[in-house]
Amino acid sequence: GETVNLDATLDWRRDDYALSATLTGPGGTAIITDGTTDLRKIFVGDVELSLEPNEEFSAALTNGLSVNGNIDANLEDQIRFSGIRALTSDGTKANVNGTYNTTNNSLALSGDLDVTPNFVNLFSNTISLEKNITGEIELGGTLDRFTVNTELETPKLSMKSGSVPALSINAAIAGLPKFPNGDISARAIDGGPRKLDASIRTSNDGSIRLPKLSYAGRGFNLGGNAEIDSSHQTINLDLAYNGDGGAVPWPGISLVGDIAAKGVLSRNDALNNMIVNADHIAFNNLAASGLALEAQGPPGAIAVSLEAKSFAAPGIETIENITAKAQIDARKDIIVRLNNLEALVFATDAQLTEPAVVTLRDGVLIENLRLAYGARGTIALDGAMKNTRWRADAILDQVNIPNADGRISMTLALDTDKEIPAETDFHLRSLLLTEEEAS
């Protein structure tokens, strides 16, 4: 097995003992120098801890860790930490001073930190920082209800989809960890318009309110309030967003238009009651107008109604005059029973002819989607889509071909696990010339 070695010297000095020690093990080394102890409640000395790189134990230890400083402890009163310095081999460091009161389990700490981009990338390799994250932090109070005050400066953060500007972040939160109360703010360091303001209030029953929530940047603004009740798993929202052309509230997310959401969402025993409205909204390559959505009922049977004047997506001409009604079971897997759907697709009426079921469970499962399309056409679709496999069975019968005077009848069997992933038969017929057909 693994070996741990201890080399210690204890010298009696009439009223106490002088102590020096070195403990060496497979994971690192601990050293005590200039130590003094009465072997009961008093210890004073310099301590150094060196931990070997150990990515398997924690990503934070990938580059190892060394901690050193002075400890002055009276176990019947308080433990004082002085000049504590933590350092990793990539240059990430923190300096801390503080005390721990053993009589009331209270803590008072203050310090600063300097975090390198390399250390951040140990936890996420999808982002890139221009320089270090720096800041100061103060912590005080009992362990069951303490206060944190912090000031941080974060550099410009880049990712594949875009970037977030350098920010100055301030937070003052009391009542931690169970009853947070306080304020958080962030401002772009370069004087840009990006800013965040949030107030947090917690009731004795554990519900958390955000009475003030504001997030704004170049061409966009999100404002409102929210309340989270963890005991009933409910979220009460009242949010409104507006974005001008080119608004990008987060890297990779283009959101232009106006949208408002108000009501309650629940996945436990409370009733859902949510209303969403948007006159015009465009999310990346998707766009909708005249959107009105209502969701009401218990989590196991949420009645949802949807109306939209138009909807557009890449490769699809605008779909108009959309109405839909569904019942959703959101307790575990999301199960949507689509009871009604009508729309104008490629200037042709489409209508659901019998209920369909869509299940979100490790992908998307579609069952019994049956549509009437145009005067004679019908569409039937059943399928399942996962990251590793797509399956579908589709039947089109006398379906009008968009932007062409013709109809198509087709069967499709798709299974990406098969050697031949797709098999199809089709029949095309011109509506202008009765003799023009193809199969």
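A surface patch here is built from residues with over 30% relative accessible area and no salt bridge, and like charges are joined within 9 Å. Keep that in mind. One more caution: this is a predicted model.

First topic, charge. Five names to find on the surface: Asp112, Glu136, Glu138, Glu151 and Glu153 gather there in a patch of negative charge. Which elements give two or more residues to the negative patch? They are β10, residues 133-142, and β11, residues 145-154. Asp112 sits in strand β8, residues 106-115. Is Asp112 buried, partly exposed or exposed? Its relative accessibility is 34%, so Asp112 counts as partly exposed.

Next topic, the rings. The count comes to 3 aromatic pairs. One of them joins Phe119 and Phe123. That pair is edge-to-face, with 5.4 Å centre to centre and 65° between the planes. Look at the cover on each partner. Phe119 is buried, because its relative accessible area is 17%, and buried means under 20%. Phe123 is exposed, with a relative accessible area of 52%.

Now Phe220 and Tyr241. Why is this pair stacked? The ring centres are 6.5 Å apart and the planes of Phe220 and Tyr241 lie at 20°, so the pair counts as stacked; planes under 30 degrees apart meet that rule. This pair links distant parts of the chain. Phe220 belongs to strand β18, residues 220-229, and Tyr241 to strand β19, residues 234-243. The two residues are 21 residues apart. Both Phe220 and Tyr241 are buried.

Terms used: Residues numbered from 1 in each chain as written. Predicted model: local features only at pLDDT ≥ 70, side-chain atom pairs only at ≥ 80, totals over all residues. Heavy atoms only, no water. Patch = residues over 30% accessible without salt bridge, like charges linked within 9 Å, V, L, I, M, F, W, Y side chains within 5 Å. Areas by Shrake-Rupley, 256 points an atom, 1.4 Å probe, with all protein chains shown as cover. Salt bridge = Lys/Arg side-chain N within 4 Å of Asp/Glu carboxyl O. Lys, Arg positive; Asp, Glu negative; His and termini not counted. Charge placed at Lys NZ, Arg CZ, Asp CG, Glu CD. Helix = DSSP H or I, 4+ residues; strand = E, 2+ residues; numbered from the N terminus. Buried < 20%, exposed > 50% of the residue type's maximum accessible area, 1.4 Å probe, protein only. Phe/Tyr/Trp six-rings, centres within 6.5 Å; stacked < 30°, edge-to-face > 60°.
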